[in-house]
Amino acid sequence: MDTDVLIVGAGPTGMTLANELLTAGVSTVLVDRLERRTELSKAGGVQSRTLEALDQRGLLEPLLATGDHRVTLGHFAGVPLPFDSNRHHLPWRTVPQAVIEGFFEEHLAAHGLHVRRGHELAGLSQDESGVDAVFTNGAALRARYLVAADGAHSTVRSLLRAGFPGEPGTLTITAADVRLGGTEPDAAHTWKGDGHWAAVFPLGVDGRGRQLRRLVLGGPDQLRPRETPVTEDEVRRGLNTVFGTAVQLLELRYARRITNASRQAEQYRHGRVFLAGDAAHVHLPLGAQGMNTGMQDAFNLGWKLGAAVHGWAPKDLLDTYHEERHPAGAAVLRNVRAQSLLMDWAGTRDPEVLAARETFMDLAQLPEVQHRLADVMSGMALRYPMPGSAIHPLIGRPVPDLRLGRVRVHELLRSGRGVLLDPADALAETAAPWSDRVDRTFQGARTEPMLIRPDGYVCWVGAADLEPALEGWFGEPR
């Protein structure tokens with residue numbers, strides 16, 4: 001066996017998973033077909049739940065120290081969600097994907113895990129004890145488990161012949177990283193009466209301190225093949241169509257076409273092979289949900305693979321990856337489809353669509369609606385199906401970042417182990433047989449007894465039936 005886990009794809013999903021496995025003490029090989037890391041932004045926002053998960057690993061402050069990553073307004077279908085609608089203590093941040101990848105690659109390398117580049121997968125097979133992978137450069141590796149984090153056109157998924165049902169792309173939009181001059185647009189999204197529209201979001205600054213923007217252009221004439229190159233003239237015409245001469249293109253750094261394809265893998269687990277990130281789900285890039293959903297896949301899967309490698313995973317623990325993350329991915333696809341319709345993405349100017357949008361915009365002024373939409377878009381609305389979730393509202397949800405004396409709960413999760421909050425110091429004897437997997441703390445906190453998984457989700461609350469919860473999530477007692 002060459003390694004415990006082989007990760008194919010070194011984007012945000014693959015690198016997040018590699019760090020989780022590093023934290024879990026699992027030998028990992030991370031490969032990517034590219035000879036060098038891309039400097040293109042692709043995605044540009046980090047949601048509240050992902051920020052929390054990074055904080056739980058001690059990575060948030062170092063990541064934010066890499067630049068001016070400002071707090072960002074969220075939106076649903078182009079309708080802004082005000083700052084005060086987001087009740088989460090870590091509001092969205094603008095952190096380009098290229099920055100995230102660079103940060104993770106340096107962090108992993110500092111801990112001895114280097115991306116093996118120029119490794120394009122050519123074939124794989126699996127048996128009862130492992131997975132064999134071969135690459136076009138002649139390399140071959142055998143691992144206990146393999147994770148596909150190799151994107152929307154996943155080679156792993158193709159080799160598995162895994163079902164990937166959904167809707168094919170019927171139109172394209174243009175996404176570009178640019179420097180703009182002239183008048184700053186009044187809003188993130190701007191529509192014209194003929195159906196053309198543009199969206200502009202901050203992307204930080206370039207090496208000379210100049211402001212970069214993510215520009216998205218759409219409307220009725222966006223029917224070009226996805227492979228057709230995007231030209232500077234095309235971007236200038238798009239800007240002029242929406243903004244006239246008020247906004248000018250100073251520099252086009254990168255541009256691509258994005259389709260409205262919407263697909264999701266039928267199964268996230270195929271024996272010893274797992275699909276994560278865009279290899280498992282693709283959709284329009286609305287609200288930074290693609291990158292964040294993939295990183296959340298990694299946070300969910302990492303500790304479970306670690307448990308399996310170390311031999312204490314309960315029998316069905318690895319199956320819970322699909323059971324928890326497939327519904328999460330399906331929910332993202334649903335809200336993206338709804339947003340696409342309400343935004344009139346295709347620029348149809350259909351009167352019924354416009355009427356629905358006007359009604360939605362009225363509803364979106366209500367604080368209760370804003371709160372719900374902010375929860376959905378930030379990932380904080382997610383609740384995993386767990387035993388006891390019908391009994392207590394915290395079970396299945398991310399743990400609040402409670403302060404326990406001088407330490408926060410998030411800081412206790414940095415070991416990558418489970419955490420038992422025992423405020424009355426009454427559960428030591430019960431929890432002792434799991435002390436190699438679960439850290440117990442009885443530091444001062446006005447909270448109920450609580451068991452927290454390594455990924456930061458509450459899996460038990462109360463004063464009874466702790467042993468079944470420990471055994472159900474952390475395996476047999478030692």
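Ala, Val, Leu, Ile, Met, Phe, Trp, Tyr, Cys and Pro are counted here as nonpolar, Asp, Glu, Lys and Arg as charged, and the others, Gly among them, as polar. The structure is a predicted model, in which local features need pLDDT of at least 70 and side-chain atom pairs count only at pLDDT 80 or more, whereas totals for chains, interfaces and linings use all residues. Residues are numbered from 1 along each chain as its sequence is written, and side-chain values use heavy atoms, with hydrogens and water left out.

On this basis, the lining of the second largest pocket divides into eight nonpolar, six polar and six charged residues. A pocket is an open set of points on a 1 Å grid over the protein atoms alone, where a 1.4 Å probe fits, with protein on both sides within 12 Å along at least five of seven lines, and its lining residues have an atom within 4 Å of a point. The space in this second largest pocket is about 450 Å³, the volume being that filled by probe spheres set on the points, which are joined across faces, edges and corners. Of its 20 lining residues, Pro 96, Val 99, Leu 203, Val 205 and Leu 212 lie nearest the centre. Strand β14 gives the most to the lining, with three residues, and at least two residues each come from α4 (97-110), β14 (197-205) and β16 (247-259); helices (H or I, at least four residues) and strands (E, at least two) are DSSP runs numbered from the N terminus.

Ten of the twelve residues of α1 are buried, that is, under 20% relative accessible area with a 1.4 Å probe and protein chains only. Their cover includes β1 (3-8), β2 (28-32), α4, β7 (116-117), β10 (140-148) and α7, with contact meaning heavy atoms within 4.5 Å. Just after α1, Gly 25 takes a positive phi of about 75°.

Definitions and conventions:
Buried means under 20% relative accessible area, exposed over 50%, partly exposed in between (1.4 Å probe, protein chains only).
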